[in-house]
Amino acid sequence: MPMTSRRMLMLAPLGLAAAGGVGFYAMLRGLGTGGYDPHGVPSVLVGRTPPEFSLPPLAPSGLPPLASADLQNLEGPVLVNFWASWCVPCVVEHPQLMQLKRQGVPIYGINYKDKPEAAMEFLTRHGNPFDRLGRDEPGRVAIDWGVYGVPETYFIDRKGVIRWRWAGPITPEVLEQDVRALLRHYA
Amino acid sequence: MIGEFGHFALALALALALAQTVLPILGAARGEARLMAAAGPLAVGHLLAVGAAFLALITAFVVNDTSVISVVQNSHSAKPLLYKVAGAWGNHEGSMLLWVMILALCGGAVAAFGRRLPSGLRARALGVLGLVAVGFLVFILATSNPFGRVWPPAPDGQGLNPVLQDPGLAFHPPMLYLGYVGYAVTFAFAVAALIEGRVDAAWGRWVRPWALGSWCFLTLGITLGSYWAYYELGWGGYWFWDPVENASLLPWLAGTALLHSAIVVEKREALKVWSVLLALLAFGFSLLGTFLVRSGVLNSVHAFANDPARGIFILGLLLFYVGGSFALFAWRAPAMAPTGMFAPLSREGGLVLNNLLLCSMAAVVLSGTLWPMFADLLFQQKISVGPPFFNTAILPLAVPLILAMATGPLLPWKRARLWPVLQRLWWAALIAAAGVAVMLAFSGWRVGPAFGIGGGLWLVCGAAADIADRTGLFRRPAAAWARALGLPRAAWGGALAHAGLGVSVLGIAGMGLATDRLAAVRPGQSLSLAGYEWRLDKVGDVVGPNWSARRATVTVLRDGAVVTVLTPERRFFPVGRTTTTEAAIHTTLFSDLYAVMGEEQDGAAVLRLHYNPLAPWIWFGGGIMALGGALSLTDRRIRVAAPAPRAAAKAAA
Amino acid sequence: MRRLLLALALLAAWVPLALAVSSPSEMLPDPAQEQRAREIGRQLRCLVCQNESIEDSNADLARDLRHIVRERVAAGDSDAAVIDYVHARYGDFVLLRPPFNLLTAALWGMPVLALGGGLVAILLLRRRGAAPEPVPLSPEEQARLAALEKDAAQ
């Protein structure tokens, strides 16, 4: 084996370490900018239509119930929001949902593992952003959607295809950067 | 006051560490004996300063000084004393201080025990240790000051995570850190050797005791951590292939390889460049673990709360030390001529095989740990790599390793023939095969555990065969006792460590046959599991220092006779409002009887009972391995401490 | 801010490590089926608890998934079908044993790659190492060696 390839072999650890270092640096940068997130789980539904389901209404709210048939042949894009009255980040995102409602964006809610009275009280106190509301008390529909925590929000285009999923609260930044762009693009 | 004192001591330690870096290395480069001689006293001073800071932090925790943020966040006046002390390192800042504390201890130890080293090597090694300390002290002072103040002082602390309120926290982290920070010493020796451009048998002899000492502590630390998980998490799991566990396994694998390759350096002056690389790798893996745990780039149950700014800093340190040493390696190592030829089938060949297998395992563990992160970064694909992967991927490497571990120590140096060696192992093979057959018959063809038992028996018997061979037990039984007494302790230590792994393998195989039972039981009712009758006598309230609990009393009977009384608990910690389950374990020599209490409903309590055959052997084996290492170490120390004629002659030449 | 809130969301879903004495009512009456369900559950990752299987976690979602696994097992699905059911909803992330594909080929091949690479490196280095034969001692050196040995023997 010639001397040069022996030298190359001894450079290998340095090369590997350098590559690893660049990767780690990119991860740390991504942690700050949101480009890299070790905790997030991507949705397998993006680019597909929602699973079949049919949920009962939250009776005292007077809102119509929600089923997969309601997510086909839409007039425009809609948001589907999984929420619960016991979920703290849901309170954080609620003003943004109310803002969207005021601007006429239809939001369909799925109330996850909640008691009807508690859910009703939440809507009475914080306002109702939803046009339709289904109750998923056992949480099975949420699992069919691949939901792993509340709140989660799905963006569905007019053809009924899921285009985007956000796990976590819709903050003002998410609203401005992501939701608005989606609404423009799929308007 | 305590806080300021500790902070000042840390700053002083940084100044001393800087001096410890610059003066000796400069002195060694210029050949100035007085500058080189400063290394020892500076290392001791650095140790005293870090020690003062460490004691200050412990004091702040013990007296519950709530003007220190770390105390407020991690302690509480009602906590038992042991957990107040251990709580000092149960968080990011405090554990970093423990880290530099142990690093300073290593420097002090090299200064104290390294008097016989050639002055240049000693000065350079201490200088490198100082350089490592400088980086981490700056990191602590700049981003993770454990002495941060809060004013006015909080009325009381917020308490420590109840899962950490356990004797495990008192012993596991210090042991683990002694292990992987200990590899800083072998790292320093390797860098010093690269600077000098010379690695010889003497280098191998100097490095070995340090590699061995770190290895003993790391083995103990990993064993303790595994046992802690076993009893604390409440379902009998003992190893999860979690990234953070893998981060402690990587230096262990590299360190174990180093331990063996350094023997070849010492005895045969071969594998020199490779051993230097392993020494760099072992500490590099320790640093990688530190980075992974504290930077927030990965997903783990053990990770500290993290902060990308700290992450960038540690990454900088990681790249500086690992990258710097690898660059030095790439520059200087090619000039080190390989020497010491040997046949593939020889003791050296066996040790090369050992290194190849251990390093391949390290490659599997490393890629399994890092690939999900890189797949996410490069391809935006989220994948998980968990126990099913590691168990599958490690097996094809573990099997040849176990087979070779019994064979290798019987091979003579330079050139060997396999047949005579196998002849000395026939009875070990027979016992192992019998073990497999018996287990297959009795466990209902459970292949994995049966072959595990066979592997464990093979290792234990192989170690016995090694000792029998060295003492001539079968050839001249009359003289065997005298020869056994005359055997070097390193021989006993090596055999003991190999047998220890065998015992662990037996335990792991036994755990493959564990059974359990889950049921809601009313007081007076019994469950039967594994031939035992488990009777719930009562469920009552107990009050501890900072918790209250529901405690079940379970009497375990066998053929009507009481074996033991188990008292599993569900503890509620009002500070932090959390509940933990305390498993109750009765260890017999051959199994663990393990009971966990769940929720109560309508007068019935949920009980989960486990029968874990051979489970205690897993950690018992780890202890034997560490003991074997320690035994070899006592042998080494005698030899290293003795006036080494060859080294002296070389230094004079 | 966006990250911070997400962290908050995760924190709300976070459950302490101390585990899961699952409820006996969750279990399947048939011990063989229960055993199978557990083996399947150990291969599925709990999504909200970082690095545990659904069998080891006390999180609500893990409990729901355990329930689904048992439901599918009781309904007569094969192990692969049950895993596919969960995989179809949560993607590759949920599989603790990563599927073999282009992305994971190097990972699965690592034992062979590392061993093979190491062997090749050893063989190459050996061949090179074998080249320089030790130069035999010159007659003068031999004489000197003999003299030294004589000295040493005295």
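Modeller: Two residues count as being in contact if their C-beta atoms, placed from the backbone, lie within 7 Å. This is a predicted model, in which local features need pLDDT of at least 70 and side-chain atom pairs count only at pLDDT 80 or more, while totals for chains, interfaces and linings use all residues. Residues are numbered from 1 along each chain as its sequence is written, and chains are lettered from A and ligands numbered from 1 in the order in which they are written.

Colleague: Thanks! How many residues of chain B are in contact with chain A?

Modeller: On the chain A side, 23 residues take part. Their partners in chain B number 24.

Colleague: Which helix of chain B supplies the largest share of that side?

Modeller: Helices (H or I, at least four residues) and strands (E, at least two) are DSSP runs, numbered from the N terminus. α11 (272–295), α12 (308–332) and α13 (347–379) of chain B each supply at least two residues of the side that touches chain A. The largest share, eleven residues, comes from α12(B).

Colleague: And how many residues on that side of chain B are nonpolar?

Modeller: Here Ala, Val, Leu, Ile, Met, Phe, Trp, Tyr, Cys and Pro count as nonpolar, Asp, Glu, Lys and Arg as charged, and the others, Gly among them, as polar. Two residues of that side are charged and five are polar. The nonpolar ones number 17.

Colleague: Why is chain B said to be as compact as a globular protein of its length?

Modeller: Chain B has 20 helices and ten strands. The globule rule is 2.2 Å times the number of residues to the power 0.38, and the radius of gyration is taken over C-alpha atoms. For 653 residues the rule gives 26 Å, and chain B is as compact as a globular protein of that length because its radius of gyration is close to that value, at 26 Å.

Colleague: Finally, what percentage of chain C is buried?

Modeller: Chain C has six helices and zero strands. A residue is buried if 20 or more other C-beta atoms, placed from the backbone, lie within 10 Å of its own, exposed if 12 or fewer, and partly exposed in between. In chain B, buried residues make up 59% of the 653 residues. Of the 154 residues in chain C, the buried share is 36%.
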